[in-house]
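Here is a short tour to read alongside the model in your viewer. Please have both chains on screen before you start.

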Number of protein chains: 2
Amino acid sequence: MLQKYTHDTRILLAIDCIIFGFDGEELKLLLIKRNFDPEKGKWSLMGGFLNETEDLEEGAKRVLNELTGLENVYMEQLQAFGEITRDPVERTVSVCFFALINIHAHDSELSRSMNGYWFNFKDKPDLIFDHNKMVNMALSQLRYKAALHPLGFELLPEKFTIPQLQKLYEAIYDMHLDRRNFSRKIISTGLLIDTGEKNENSATKKAMLYQLDAEKYKNNFNDFHNFISDFKW
Amino acid sequence: MLQKYTHDTRILLAIDCIIFGFDGEELKLLLIKRNFDPEKGKWSLMGGFLNETEDLEEGAKRVLNELTGLENVYMEQLQAFGEITRDPVERTVSVCFFALINIHAHDSELSRSMNGYWFNFKDKPDLIFDHNKMVNMALSQLRYKAALHPLGFELLPEKFTIPQLQKLYEAIYDMHLDRRNFSRKIISTGLLIDTGEKNENSATKKAMLYQLDAEKYKNNFNDFHNFISDFKW
DNA sequence: GCAAAAGTGTTACCTCTACACCCATGT
DNA sequence: ACATGGGTGTAGAGGTAACACTTTTGC
């Protein structure tokens, strides 16, 4: 390797993860109680520092795994946050990722690590530093993307019913959707495969279980849809 | 300030700017010939390093200003790029911004600094490091946002005609748009104010000059539109 | 049998697209 | 007058929203 650059400001790079979950009813946010100063005891996003030997995505996955045991989770970079005084200890730039996970499918990993606590998104506490801002931006981004791309599936079990999917979208946008129109929109994407099975959990009529057409999902992920047409941004 | 964190990886933070311009006909990209090693003499994005005393947005504005003389330009963070080997000199994480500027309105600043060269986007040369990837992502992001929000105005003079705006959109998406439908879509946003003036440059019928309703633009920027409905993403 | 949840069909409305015509200007 | 570019109108297609009815299941 050549000689290093002469510029002398080298900065601590944090990684923070906004982890969204869904339990079938409510949109959730995974938070952790900070166990070191400053702000010890306050709620915080899952975070860590970037190492020399990993790139940003690897770092984000590592941080997530170390704190929750989770693996193979949908993650996407939000953006970098760099206010000078965002961390009182020292100048730190944080690169934020948001992750989508299906809570029930990952119960075991999560309970094993016991580091985090799932808040209903609506009841989330005040967070340290600029984490509130990060979370708000992540929600905007989630809403933005999920309205246009078939992102929501990441928060559901492998096999799911259309009413479950609708509940998820209603939780994300905090609004009511018409059952019949929603169903038609989703079916018309062609992304769902009828498994032939029925949901045994339902107390009344059992709903059909679908699963993603993985191939189509990958290839058509960037197609535009309009799942949520009258949402007020 | 408290004691610093014990984590010991502190990283050089680069800032790179993807600068889009429009000259009335073609979408342009402002590049610079790198005048230091490595890759001296090759084309590169406008870039620099983050200083201790500035946050990311300030840094991006400073870098842009130092290299081009430009001020008061629309800028938005794209994302951070952190591949370990992205810069052969040393580990560097780059936070990317993209900027939109109206070339003619900034002729004087730009010619004074003479650091950059405007390429037609389609003819852009191969760039150093991961800058090609950054540019491609920035174009995607520009297309994405400009299809849904009234972003394009940033690339035009203060007073502009609807045909000019259409040419801009055609350049961004590299496709032909229907004159009449485009005009109706734009007018229906209610963002344009008829100045009563006419474009004197036109060789034939002079087109009406509009300007942005600044108040509405600010307040309704996040409203959803659908300026480009049949673009293949 | 009844309540609750799930599946499906229909209609009115609205938006978008594709197209044709007219107007203003310079040569 | 004619070529070129700009402004506007309209009919048909397609998509969306609002609505009602039927089916399945547990009690």
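Between chain B and chain A there are two salt bridges. Please keep in mind that this is a predicted model. Across all chains, the structure holds 28 salt bridges. The points below begin at the interface, go on to the helix packing within each chain, and end with some backbone details.

**Where the chains meet**

- Chain B and chain A each bring 46 residues to the contact.
- About 4200 Å² is buried between chain B and chain A, and 62% of that area is on carbon and sulfur atoms.
- Side chains of opposite charge can pair when their charged atoms come close.
- To see such a pair across the two chains, look at B:Arg10 and A:Glu90, whose side chains form a salt bridge at 2.6 Å, N to O.

**A salt bridge inside chain A**

- The side chains of A:Glu197 and A:Lys159 also meet in a salt bridge, with an N to O distance of 2.7 Å.
- Because A:Glu197 lies in strand E9 (residues 192-198) of chain A and A:Lys159 in strand E8 (residues 159-160) of chain A, this pair ties together parts that are 38 residues apart in sequence.

**Helix packing in chain A**

- Two packed helices are described by the angle between their axes and the distance between the axes.
- In chain A, helix H3 (residues 131-148) packs on helix H4 (residues 162-173) at an angle of about 140°, and their axes are 10 Å apart.
- With that angle, H3(A) is oblique to H4(A).
- The crossing in which H3(A) passes H4(A) is left-handed.

**Helix packing in chain B**

- The axes of H4(B) and helix H3 (residues 131-148) of chain B come within 10 Å and cross at roughly 140°.
- H3(B) and H4(B) are therefore oblique to each other.
- H3(B) passes H4(B) in a left-handed crossing.
- From H3(B), the residues in contact are B:Leu139, B:Leu142, B:Arg143, B:Ala146 and B:Ala147; from H4(B), they are B:Tyr169, B:Ile172 and B:Tyr173.
- The contact of H3(B) with H4(B) counts seven nonpolar residues and one charged residue, with no polar residues.
- Helix H4 (residues 162-173) of chain B packs on helix H5 (residues 179-188) of chain B as well, at an angle of about 105° and with the axes 10 Å apart.
- This angle makes H4(B) roughly perpendicular to H5(B).
- Here B:Ile162, B:Leu165, B:Gln166 and B:Tyr169 of H4(B) meet B:Arg179, B:Phe182, B:Ser183, B:Ile186 and B:Ile187 of H5(B).
- By class, the contact of H4(B) with H5(B) has six nonpolar, two polar and one charged residues.

**Backbone details to check**

- Most residues other than glycine have a negative phi, and most peptide bonds are trans.
- In chain A, the peptide bond from A:Asp37 to A:Pro38 is cis, with omega near -5°.
- You will find A:Pro38 in the loop between strand E2 (27-33) and strand E3 (43-44) of chain A.
- In chain B, a cis peptide bond joins B:Asp37 and B:Pro38, and its omega is about -5°.
- B:Pro38 sits in the loop between strand E2 (27-33) and strand E3 (43-44) of chain B.
- A:Asn72 has a phi near 55°, a positive value in a residue other than glycine.
- The place to look for A:Asn72 is the loop between helix H1 (56-68) and strand E5 (74-81) of chain A.

Methods:
Residues are numbered from 1 along each chain as its sequence is written. Chains are lettered from A and ligands numbered from 1 in the order in which they are written. This is a predicted model: local features need pLDDT of at least 70, side-chain atom pairs count only at pLDDT 80 or more; totals for chains, interfaces and linings use all residues. Side-chain values use heavy atoms; hydrogens and water are left out. Axes are lines fitted to C-alpha atoms, for helices over the stretch in contact, and angles run from 0 to 180 degrees between N-to-C directions. Helices (H or I, at least four residues) and strands (E, at least two) are DSSP runs, numbered from the N terminus. Angles under 35 degrees count as roughly parallel, over 145 as roughly antiparallel, 65 to 115 as roughly perpendicular and the rest as oblique. A crossing is left-handed if the near helix is turned anticlockwise from the far one by less than a right angle, and right-handed if clockwise. Contact means heavy atoms within 4.5 Å. Buried area is the accessible area (1.4 Å probe) that two parts lose on being put together, summed over both. A salt bridge is a side-chain nitrogen of Lys or Arg within 4 Å of a carboxyl oxygen of Asp or Glu. Ala, Val, Leu, Ile, Met, Phe, Trp, Tyr, Cys and Pro count as nonpolar, Asp, Glu, Lys and Arg as charged, and the others, Gly among them, as polar.
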